[in-house]
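Hello,

Here is the structure I promised to pass on to you. Please open it next to this email, and then read on for what turned up in it.

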Amino acid sequence: MSVTRQRIGAVIGAAGITAALMTGTAPAHAQPAAQALSADCHKAVQSAAARGEHTVTCTQATGTTAATAATSTAMSAAAGLTCRAGYLTYDRHKACSVSSLRFDIIEVPSGKLLGTMNVRVTQRTSLAARDSRTWKHTIGLYPTSASGAARGVIASLKLNCGKSAKTKCTVTSAPGAKGLSVKKETSFPFALKSPGSKTLKHKETPVVTLKAAVGSPATGSLAQAATVRCDSVKGITTKAGGCVHPGYVPVFAMSRTDKNVKEAAQHVWDAQRKLKGHPGLPGVGKPLHRTTDKALIKKNRGKACPSSLPRPTGKSCDEYPFASTKEGGATGVFSRRMINEKHNSTAGGSKYLLKAYKDNRILNGDAFWVAIS
């Protein structure tokens, strides 16, 4: 199973998050700011000073970089996702990200730190692709260190999942506020549901609130999760529908040593390397795109494998790209071969290509790769 990775930008939104701590006087354990404050934190200090306040809280991202797009071409067979700091990693069904933030309590106007907590943030999403328009999103907060007034911070989280009432997903289960302890991960599990039966996309934005022992809390958005698409399209799975990460391009795999489909697999292997543009070949060509247009499927099949072609006994005409793709025979770029009839029908059936369509909820127009080993 291959995965897609993209760097995640600032954990907290561009404006940062700030909140005044109305404590009146600075604690005696104030210490110099050993770590540089972000521009937003400096602005928070200046604003607090202008208002006559003595302390301010600020959170800022650490150890992350600007987001860049990534393409999934790796063909590894990993059983799960490997989370990597500074990245959002996802496949069709799962996602994880690891980022970090710093929570500072700052003396005004000197800018001295009264306390700091460094927190590693891990987010994991697990989708129900085959039987439900529901999914789970768990956020883990792991303080790696805490000092001064930032010890004993209370955290609470919520998920914003869309703006429109018609497309907004529902949080069916959410955790309450929890205390954070250094070197211990505190888990915040959420259960979400996509409304109705229409095909909808959801972009989750987690919102964190951190509160020190004194003063008012600081609230802001964490890095967004991977986009979730839910549908109830007939013919994919059950009436209940399911959800996937549409940004990930799934892979349909066959083996030339599989006795059930080896002739079909060999044909695809040869065709991908012979045809112009190497259709569907991971890392070399462009992905194929599914079509559910019956007229186009018939046209693709008729062009690549017309009924006028003689079929030897026990053989049938196999075409590539598949007739069920927009890149099929009607485009004029195709390969055909007479192969074992059983291998041909099995390769396109419920245990192979059709299964890949259903398992990955590959809808009309969705891209996918074809990997032959």
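With which side chain does the side chain of Asp 366 make a polar contact of 3.1 Å? The partner is the side chain of Arg 92. (A polar contact is a pair of N or O atoms within 3.5 Å; within protein, one must be able to donate a hydrogen and the other to accept it, and residues adjacent in sequence count only if both atoms are side-chain atoms.)

Before the rest, a word on what you are looking at. This is a predicted model, in which local features need pLDDT of at least 70 and side-chain atom pairs count only at pLDDT 80 or more, while totals for chains, interfaces and linings use all residues. Residues are numbered from 1 along each chain as its sequence is written, and side-chain values use heavy atoms, with hydrogens and water left out.

The overall picture

The protein has five helices and 21 strands. Both are DSSP runs numbered from the N terminus: helices are H or I with at least four residues, strands are E with at least two. Of the 373 residues, 46% are buried. Here buried means under 20% relative accessible area, exposed means over 50%, and partly exposed is in between, using a 1.4 Å probe and protein chains only. If you take the contacts between residues at least 6 apart in sequence, 72% of them join residues at least 24 apart; a contact means heavy atoms within 4.5 Å.

Back to Asp 366

Asp 366 sits in the loop between helix H5 (353-359) and strand S21 (367-372). Its relative accessible area is 12%, so Asp 366 counts as buried. A second polar contact, of 2.9 Å, links its side chain to that of Arg 229. Leaving aside residues up to four places away in sequence, Asp 366 touches Arg 92, Arg 229, Leu 288, His 289, Arg 290 and Arg 361.

Arg 361 is buried because its relative accessibility is 0%.

S21 belongs to an open sheet of three strands in the order S17-S21-S18, with mixed pairing. S17 and S18 are the edge strands, each pairing on one side only. (Two strands pair if DSSP finds at least two bridges between them.) Four bridges join S17 and S21 in the parallel sense, and Met 254 has Ile 372 in S21 as its bridge partner.

Another open sheet of three strands runs S12-S15-S16, with antiparallel pairing. Its edges are strand S12 (200-202) and strand S16 (242-244), each of which pairs on one side only. From one strand to the next, the twist averages 25°. S12 is joined to strand S15 (residues 228-231) by three bridges, and His 202 stands opposite Val 228 in S15.

Two helices

Helix H2 (residues 262-274) lies across S17 and S21, at about 110° to S21. For that angle, axes are lines fitted to C-alpha atoms, for helices over the stretch in contact, and angles run from 0 to 180 degrees between N-to-C directions. In H2, the buried residues are Ala 264, Ala 265, His 267, Val 268, Ala 271 and Gln 272. Down the axis of H2, its buried residues fall within an arc of 160°, so they line one face of the helix. The arc is that of the directions from the helix axis to the C-beta atoms. Among the elements that cover these residues are strand S17 (251-254), helix H4 (341-347) and S21.

In helix H3 (residues 294-304), Ile 297, Asn 300 and Ala 304 are buried. They are on the same side of H3, because they cover an arc of only 65° around the axis. The face turned away from the buried side carries the exposed residues Lys 294, Ala 295, Lys 298 and Lys 299. Strand S19 (315-320) and strand S20 (335-340) are among what covers the buried residues of H3. At the start of H3, a side-chain oxygen of Asp 293 comes within 3.0 Å of the backbone nitrogen of Ala 295.

Two backbone details

Tyr 320 and Pro 321 are joined by a cis peptide bond, with omega about -5°. Pro 321 is in the loop between S19 and S20. His 278, in the loop between H2 and strand S18 (288-289), has a positive phi near 50° without being a glycine.

Best wishes
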